[in-house]
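The sequence and the structure come first, and the description follows.

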Amino acid sequence: MLSSIHSLQPHLLGLLRIVSSLVLFSYGTQKILHFPAAASVPPAGSLSWIAGLLELTLGFLVLVGFQTRIAAFVLSGLMAFAYFIGHASKGIYPAQNGGVAAILFCFVFLYLVAAGAGPLSVDSLLKRGRTAAARPNKQNAEVA
């Protein structure tokens with residue numbers, strides 16, 4: 001049973017990446033694109049607006065799995081700052097200060113920095129393409 005669960009690990013990594021980045025991406029669409037409509041949106045150029053821009057752009061990169069480690073690193077730091085700037089001053093316990101999502105995002109994206117995007121990603125497709133291009137082609141070798 002453990003071997004069958006272990007074989008699912010790369011696909012579950014991809015699922016974690018996709019779901020977590022999709023949720024973060026939705027925060028960015030709300031702040032920047034005003035979709036879905038929110039009670040209030042941050043003014044352009046404000047700290048919250050810049051955070052929304054990063055959530056939108058880098059969240060999309062992580063969602064599709066392109067330059068995942070770099071984008072996840074920046075997002076992990078963004079979420080750490082979000083926790084300490086917006087939540088920690090309200091109390092020590094995340095359940096009381098409203099910082100649960102920021103902490104979870106911070107450590108999920110930190111994990112993605114170490115683990116990478118997984119097999120269901122643009123990064124994986126590009127890596128396979130580079131590996132195939134680096135391998136000598138038997139047909140071309142025979143012609144030469």
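Is phenylalanine 109 buried or exposed? Phenylalanine 109 counts as buried, because its relative accessibility is 0%; buried here means under 20% relative accessible area, exposed means over 50% and partly exposed lies in between, with a 1.4 Å probe and protein chains only.

## Basis of the description

The model is predicted, and for that reason local features need pLDDT of at least 70 and side-chain atom pairs count only at pLDDT 80 or more, whereas totals for chains, interfaces and linings use all residues. Residues are numbered from 1 along each chain as its sequence is written, and side-chain values use heavy atoms, with hydrogens and water left out.

## Helix α1

Helices in this report are DSSP runs of H or I with at least four residues, numbered from the N terminus. Helix α1 covers residues 2-33, and its 32 residues should span 46 Å at 1.5 Å a residue, which agrees with the 44 Å between its end C-alpha atoms; the expected span is 1.5 Å times one less than the number of residues. A kink of about 45 degrees lies at glutamine 9, shortly before proline 10, where the bend at a residue is the angle between axes fitted to the seven residues ending there and the seven starting there.

The buried residues of α1 are Leu13, Gly14, Arg17, Ser20, Ser21, Leu24, Gly28, Thr29 and Ile32, and they pack against α2 (47-64), α3 (68-86) and α5 (100-115). Serine 21, which lies in α1, is buried with a relative accessible area of 0%. Leaving aside neighbours within four places in sequence, serine 21 is in contact (heavy atoms within 4.5 Å) with Gly59, Val62, Leu63 and Phe109.

## Aromatic pairs

A search of the whole structure finds four aromatic pairs; rings of Phe, Tyr and Trp (its six-membered ring) pair if their centres lie within 6.5 Å, and planes under 30 degrees apart count as stacked, over 60 as edge-to-face and the rest as tilted. One of these pairs joins tyrosine 27 and phenylalanine 105, whose ring centres are 6.2 Å apart and whose planes stand at 85 degrees, so the pair is edge-to-face. Because tyrosine 27 lies in helix α1 and phenylalanine 105 in helix α5, this pair ties together parts that are 78 residues apart in sequence. Tyrosine 27 counts as partly exposed at 36% relative accessibility, whereas phenylalanine 105 is buried, with a relative accessible area of 11%.

Phenylalanine 105 also pairs with phenylalanine 109: their ring centres are 6.0 Å apart and their planes are at 15 degrees, so this pair is stacked. The two phenylalanines are four residues apart in helix α5 and are therefore separated by about one helical turn. Through these ring pairs, Tyr27, Phe105 and Phe109 are linked into a cluster.

## The largest pocket

The largest pocket holds about 600 Å³ of space. On a 1 Å grid over the protein atoms alone, a pocket is an open set of points where a 1.4 Å probe fits, with protein on both sides within 12 Å along at least five of seven lines, and lining residues have an atom within 4 Å of a point. Grid points are joined across faces, edges and corners, and the volume is the space filled by probe spheres set on the points. The lining consists of 25 residues, of which Lys31, Ser48, Ala51, Glu55 and Ala82 lie nearest the centre of the pocket, and α1, α2, α3 and α5 each supply at least two residues of this lining.

## Loops and backbone

Most residues other than glycine have a negative phi, and most peptide bonds are trans. Histidine 34, in the loop between α1 and α2, has a positive phi of about 60 degrees although it is not a glycine, and counts as partly exposed at 43% relative accessibility. A cis peptide bond with omega of about -10 degrees joins phenylalanine 35 and proline 36, and proline 36 lies in the loop between α1 and α2. Glutamine 67, found in the loop between α2 and α3, has a positive phi of about 50 degrees although it is not a glycine, and is partly exposed with a relative accessible area of 38%.

Leucine 120 lies in the loop between α5 and α6 (122-134) and is partly exposed, with a relative accessible area of 47%. The C-alpha atoms of leucine 120 and valine 64 are separated by 8.4 Å, although these residues are 56 residues apart along the chain. Leaving aside neighbours within four places in sequence, leucine 120 is in contact with His11 and Arg17.
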